[in-house]
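Here's a quick tour of a protein model for someone just starting out. Have a look at the fold, then follow the notes below.

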Amino acid sequence: MRTTVTALLLTASIGAAITARQSAHSGEADPGWKVPQVIAFVALKKGDKVADIVGNRLTAALAQAVGPTGKVYAIETAQVAKLHPELLDKMKSLAARSPNIVVSAEPVAAPLPSGLDAVVIRQNYHDLYDKHMAPVDVAAFNKGVFAALKPGGVYLVLDHAALAGSGIGATETLHRIDPARVKTDVLAVGFKLDAESSMLANPNDDHTKSVFDPSVRGHTDQFLYLFRKPM
């Protein structure tokens, strides 16, 4: 009996570990991603409409924050869906369980839904400059975000930080972007910087390494900017 109980406990322990690893991979339950803090930073309300550009780690939490009367548009983009069809499948599976999530795979240049309260782009702003997302007019993309938001709506950009003064080539080689470049881009189309956060900052990150380098992966220095469309 003791052997059987021990085996059952071991099996349960292994199953729990697998579940934890799966949750960590999705990012939705990984404390390192500080998902609740990021959601609080955006200050969403029940009934809000949000576009989640390349939805993934934040989508479920966004859907919970806006509630059943709100809407989350998980926009995977045709470019990302082509490279990572499994991500599109994952979002469709999530939407099947959460009716307030709408999934699309339109090209990144396609217009966003109108009347949004927030637009979120997590770790994918730098991709707008990369070959796999081409063709992307970054200024036109930001203008599209501005147009889609209600007056007073917010635009969250969360991404991996490159060294100050880094050229735009860092987006392709390191999958990072100079935070100052993001500010310049977004402010140029009419947004105001409303808030910024260092909650995901890591001064010990080696900014010269790709975010996929095993020595920094999952521990990169990241910035959060919350821009607001003037009333």
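In which loop is Gln 123 found? Gln 123 sits in the loop between S4 and H6. This is a predicted model, where local features need pLDDT of at least 70 and side-chain atom pairs count only at pLDDT 80 or more, while totals for chains, interfaces and linings use all residues. Residues are numbered from 1 along each chain as its sequence is written, and side-chain values use heavy atoms, leaving out hydrogens and water.

- Most residues other than glycine have a negative phi.
- Gln 123 isn't a glycine, yet has a positive phi of about 60 degrees.
- With a relative accessible area of 10%, Gln 123 is buried (buried means under 20% relative accessible area, exposed over 50%, partly exposed in between, with a 1.4 Å probe and protein chains only).
- Ala 43 also isn't a glycine and has a positive phi of about 60 degrees; Ala 43 is in the loop between helix H2 (35-42) and S1.
- Ala 43 is exposed, at 52% relative accessible area.
- Helices (H or I, at least four residues) and strands (E, at least two) are DSSP runs, numbered from the N terminus.

**The nonpolar cores**

- The largest nonpolar core has 31 residues, and Ile 53, Val 119, Tyr 125, Tyr 155 and Val 182 have the most contacts inside it.
- Elements that each supply at least two residues of this core include strand S1 (49-53), strand S4 (116-122), helix H6 (138-148) and strand S5 (149-160).
- H6 gives the most to this core: four residues.
- A second, separate core of 29 residues includes Ala 61, Val 66, Leu 156 and Leu 224.
- What counts as a core here is a set of buried Ala, Val, Leu, Ile, Met, Phe, Trp, Tyr and Cys residues joined through side-chain atoms within 4.5 Å.
- Not counting residues up to four places away in sequence, Tyr 155 touches, among others, Val 119, Tyr 125, Phe 141 and Val 145 (contact means heavy atoms within 4.5 Å).

- Val 138, Phe 141, Asn 142, Val 145 and Ala 148 are the buried residues in H6.
- They're on the same side of H6 because they cover an arc of only 125 degrees around the axis (the arc is that of the directions from the helix axis to the C-beta atoms).
- Lys 143 and Ala 147, on the other side of H6, are exposed.
- S1, S4, S5 and H8 are what the buried residues of H6 pack against.

- The structure holds one cavity of 30 Å³ or more, and the largest cavity has about 40 Å³ of space.
- Among the residues lining the largest cavity are Trp 33, Arg 57, Arg 122 and Gln 222.
- On a 1 Å grid over the protein atoms alone, a cavity is a set of points where a 1.4 Å probe fits but cannot get out, and a pocket is an open set with protein on both sides within 12 Å along at least five of seven lines; lining residues have an atom within 4 Å of a point.
- Grid points are joined across faces, edges and corners, and a volume is the space filled by probe spheres set on the points.
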